[in-house]
Amino acid sequence: MMEAGSPTTPRILVVEDEAALALLLTYNLEAEGYAVSRAERGDEAEIMLAESVPDLVILDWMLPGVSGFEICRRLRVREATRDLPVIILTARGEESERVRGLSIGADDYVVKPFSVPELMARVRSLLRRARPERIAGRLQAGELMLDRMARRVRRGERDIHLGPTEFRLLEHLMEKPGRVFSRAQLLDSVWGDAAEIDERTVDVHVGRLRKAIVRGRERDPLRTVRGAGYAFDETFGKA
Ligand code: CA
């Protein structure tokens, strides 16, 4: 498990003036193993960014002090932050602002109110693209936690023992909560070069995975979508 502050812990700066949203983001990012710093004002964020460059910035568009737009523009001009991944948060109705954001070099944007798992997936994807080694060590959904480094899965206090295929399958599904993967896609990403493997193999392993993670009347985080495939339930642990 990664310790906060260790050299491999990705550092994320959250710039958001809505306290409740900033807290929610911090809580979820820390649960995934990131080190989070926070700024409520644009000018405060600029001072922090001048002192040290994080691995990713989540930047609200409308901020007191200096706007998200201006911060992003300045980051792109500065050599040290030219490639720093930036995710913009915009409110509904700011569509033209989004276009403006992407045009000045934001890497991604989400519209409020957004799904936290979806934002977490985007954070992971941007970090992976920017620095493949700096991906969060942990995937968390409610009481279910997958630790990539320790190759360990826990549900609450219970250790869950998975075979290597079930582990990769769960990891793959948890990385994109809500996204439905076809059996063919799963074979391709989890089994690799699997042209010769029957698609029913996927069902067998999903069955084993379910049996391992769901006991008694516990909620099943895996969704079977008839005729389509499988997904990790994005509402798991949220409702
Ligand atoms: Ca705001």
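The structure is a predicted model, in which local features need pLDDT of at least 70 and side-chain atom pairs count only at pLDDT 80 or more, while totals for chains, interfaces and linings use all residues. Residues are numbered from 1 along each chain as its sequence is written, and side-chain values use heavy atoms, with hydrogens and water left out. Helices (H or I, at least four residues) and strands (E, at least two) are DSSP runs numbered from the N terminus, and two strands pair if DSSP finds at least two bridges between them.

- An open sheet is built from 4 strands in the order 6-7-8-9, and the pairing is antiparallel.
- Strand 6 (138–141) and strand 9 (158–160) are the edge strands, each with a single partner, so one side of each has no neighbour in the sheet.
- From one strand to the next the twist averages 20°, where axes are lines fitted to C-alpha atoms (for helices over the stretch in contact) and angles run from 0 to 180 degrees between N-to-C directions.
- Strand 6 is joined to strand 7 by 4 bridges in an antiparallel arrangement, with Arg-138 opposite Asp-147 of strand 7.

**The largest nonpolar core**

- A nonpolar core is a set of buried Ala, Val, Leu, Ile, Met, Phe, Trp, Tyr and Cys residues joined through side-chain atoms within 4.5 Å; buried means under 20% relative accessible area, exposed over 50%, and partly exposed in between, with a 1.4 Å probe and protein chains only.
- The largest such core has 25 residues, of which Leu-144, Leu-170 and Phe-232 touch the most other members.
- At least two residues of this core come from each of strand 6, strand 7, helix 6 (164–175), helix 7 (183–191), helix 8 (200–213) and strand 11 (229–232), and helix 6 gives the largest share, 5 residues.
- Beyond its neighbours within four places in sequence, Leu-144 is in contact with residues including Leu-139, Leu-170, Met-174, Phe-232 and Phe-236, contact being heavy atoms within 4.5 Å.

**A buried aspartate**

- Asp-108 lies in strand 5 (residues 108–112) and, at 18% relative accessibility, counts as buried.
- The side chain of Asp-108 makes a polar contact with that of Arg-122 at 3.0 Å; such a contact is a pair of N or O atoms within 3.5 Å, and within protein one must be able to donate a hydrogen and the other to accept it, while residues adjacent in sequence count only if both atoms are side-chain atoms.

**Aromatic pairs**

- Rings of Phe, Tyr and Trp (its six-membered ring) pair if their centres lie within 6.5 Å, and planes under 30 degrees apart count as stacked, over 60 as edge-to-face and the rest as tilted; the count is 2 pairs.
- The rings of Trp-61 and Phe-69 are edge-to-face, because their planes stand at 85°, with centres 5.7 Å apart.
- Phe-232 and Phe-236 are also edge-to-face, at 6.0 Å centre to centre and 80° between the planes, and both residues are buried.

**Backbone details**

- The peptide bond from Lys-112 to Pro-113 is cis, with omega near -5°, and Pro-113 is in the loop between strand 5 and helix 5 (116–130).
- Arg-151, in the loop between strand 7 and strand 8, has a positive phi of about 50° although it is not a glycine.
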